[in-house]
Amino acid sequence: MKKYDLIVIGAGPGGITVARFTKSLRKEWNVLIIRKQKKSVIPCALPYAIDGTVKVDDYIKNDEKLLKSAGIDLLIDEVEEIDCENKQVKIKNGEKFNFRYLVIATGSIPFIPLLPGRELKNIFTIKDHPDILNILDVIGNVKKAVVVGAGFIGLEMVNAFANRGIEITLVEKENCCLPAGLSRDLAGIITDKLKEKGVKLYLGKLLKKIEGEGKVERCILEDGTVIKTDIVVLSIGVKPEISLAEKAGIETNPGGIIVNDFLQTNKEGIYAIGDCILKKSFITGKYVPGYLATNAVVEARYAVLNILNGNKFKFPGVVNPVITKIFDLSCGATGLTKDMAERENIEIITSDADVFTKEKSFPGAEFLKIRFIFEKEKLQLIGVEAISKENVAWLINMFTLAIFNKNTAFDLTFSQFCGHPPQIDVPSKTPFVTASIDVLKKAGRI
Ligand SMILES: Cc1cc2nc3c(=O)[nH]c(=O)nc-3n(C[C@H](O)[C@H](O)[C@H](O)COP(=O)(O)OP(=O)(O)OC[C@H]3O[C@@H](n4cnc5c(N)ncnc54)[C@H](O)[C@@H]3O)c2cc1C
């Protein structure tokens with residue numbers, strides 16, 4: 001039986017990062033990664049193959065070549081059992097492999113509610129390559145589509161269908177878009193954009209059943225509304241893939257595999273990362289959803305360094321930075337939104353900045369709306385939300401770092417930022433500084 005220093009189950013962003021990072025630090029370690037899906041993809045790119053922004057082949061990763069060149073063994077098979085006591089994994093054909101360390105990175109699976117009609121043809125979820133192929137197979141005959149769920153992935157699918165000229169209806173049980181992504185008032189800007197693009201919206205409405213003869217023909221909402229459609233995409237969340245861990249006696253709950261501060265499970269030498277684990281918020285310390293590649297890869301780095309250094313690096317929890325683009329609007333958030341902070345009963349002071357992405361007389365200057373959320377007592381930054389026609393990714397990343405470093409309104413007031421009119425507004429108008437000063441004034445601290 002072959003023995004590995006490290007076996008990784010799952011080759012999503014989390015698993016791949018574990019394998020490659022380990023090998024880059026310990027060349028002499030033999031590392032095996034096992035994944036069950038035939039092709040490895042960039043999941044975040046999937047919706048963009050629907051409208052042809054990228055070709056299907058473009059989001060398929062050449063993991064086989066990449067891992068081989070790094071000296072990592074790849075096995076495309078399903079792990080059926082983990083024997084924690086004997087430190088073995090067993091794959092479908094019965095073959096077993098020994099490990100010194102194991103990292104479980106089995107990810108998540110789309111949540112499908114027990115809806116009447118869920119067995120009909122042309123109902124899809126979006127998680128992997130076959131889902132996109134299945135949609136592309138029928139899309140030629142699709143005139144109308146319904147997307148259920150107005151989270152980031154749902155909206156990206158709406159955008160993709162609309163770009164193909166398909167008549168699109170969005171159904172969401174909360175009465176705003178991006179209910180877990182932006183504060184309600186800011187999400188209103190996205191809602192207005194969807195309306196402007198002709199998307200039919202049913203916000204605050206629950207899908208009750210799907211009907212049709214063999215395949216989808218209509219969706220029925222709880223209030224009796226009937227929506228005719230050729231396909232339905234359910235994008236109402238995911239659940240952690242914990243079945244393997246559960247079977248092995250590893251501690252889990254419905255929110256995921258339970259790990260300690262070092263991302264180790266309750267079993268010696270076995271760690272878990274990514275969508276399959278229960279996550280804590282960096283800000284509140286409470287359990288929060290955080291199904292993001294962003295989280296999976298940082299957890300991977302912590303797990304590797306803890307495996308190699310004997311549990312030295314405490315994972316402080318997820319900040320949850322996230323961005324997307326809906327038609328021509330780039331939007332994102334990091335930390336807690338204003339609405340989330342209020343739901344948590346955190347006393348906050350906020351400041352909104354309506355500024356420009358460049359000095360406003362320069363070509364290409366676009367609006368930039370940013371909201372800063374500070375905890376009232378320490379005046380510590382705990383969240384940022386942003387919308388613009390220009391890319392807000394840099395801004396979300398910069399403030400994720402500020403939140404991670406527990407920066408206060410004073411820190412931001414005294415920070416030094418670059419300015420150059422054709423690229424970014426002039427230093428005297430840096431919105432982060434003016435917002436921080438505003439917060440200090442509101443708090444009576446200056
Ligand atoms: C359409 C879409 C768009 C997204 N966009 C973004 C985005 O823009 N930004 C962002 O940060 N996140 C995004 N996400 C979320 C992101 O893709 C996930 O958070 C991320 O893939 C989680 O990584 P992971 O490594 O934990 O698990 P996954 O990527 O889910 O990978 C799980 C792996 O485990 C393997 N596996 C499971 N069980 C077994 C078994 N028994 N044996 C062997 N192998 C097994 C699977 O084959 C797979 O390789 C998006 C997701 C989707 C679906």
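The model is predicted, so local features need pLDDT of at least 70, side-chain atom pairs count only at pLDDT 80 or more, and totals for chains, interfaces and linings use all residues. Residues are numbered from 1 along each chain as its sequence is written.

The secondary structure of the chain comes to 12 helices and 28 strands, where helices (H or I, at least four residues) and strands (E, at least two) are DSSP runs numbered from the N terminus. Along its principal axes, the C-alpha trace spans about 70 × 60 × 40 Å. Buried residues, those with 20 or more other C-beta atoms (placed from the backbone) within 10 Å of their own, make up 45% of the 446 residues.

Around the ligand there are 33 residues, of which G10, G12, G14, G107 and G274 come nearest; a residue is near if its C-beta atom, placed from the backbone, lies within 6 Å. The shell lies between domain 1 and domain 2, because both give residues to it; the domain bounds come from an automatic or database domain assignment.

In helix 12, the buried residues are P431, F432, A435, S436, V439 and L440, and what covers them includes strand 26 (348–356), strand 27 (367–375) and helix 11 (409–413). Just after helix 12, G444 takes a positive phi of about 70°.

Terms used. Buried ≥ 20, exposed ≤ 12 C-beta atoms within 10 Å, placed from the backbone. Contact = placed C-beta atoms within 7 Å.
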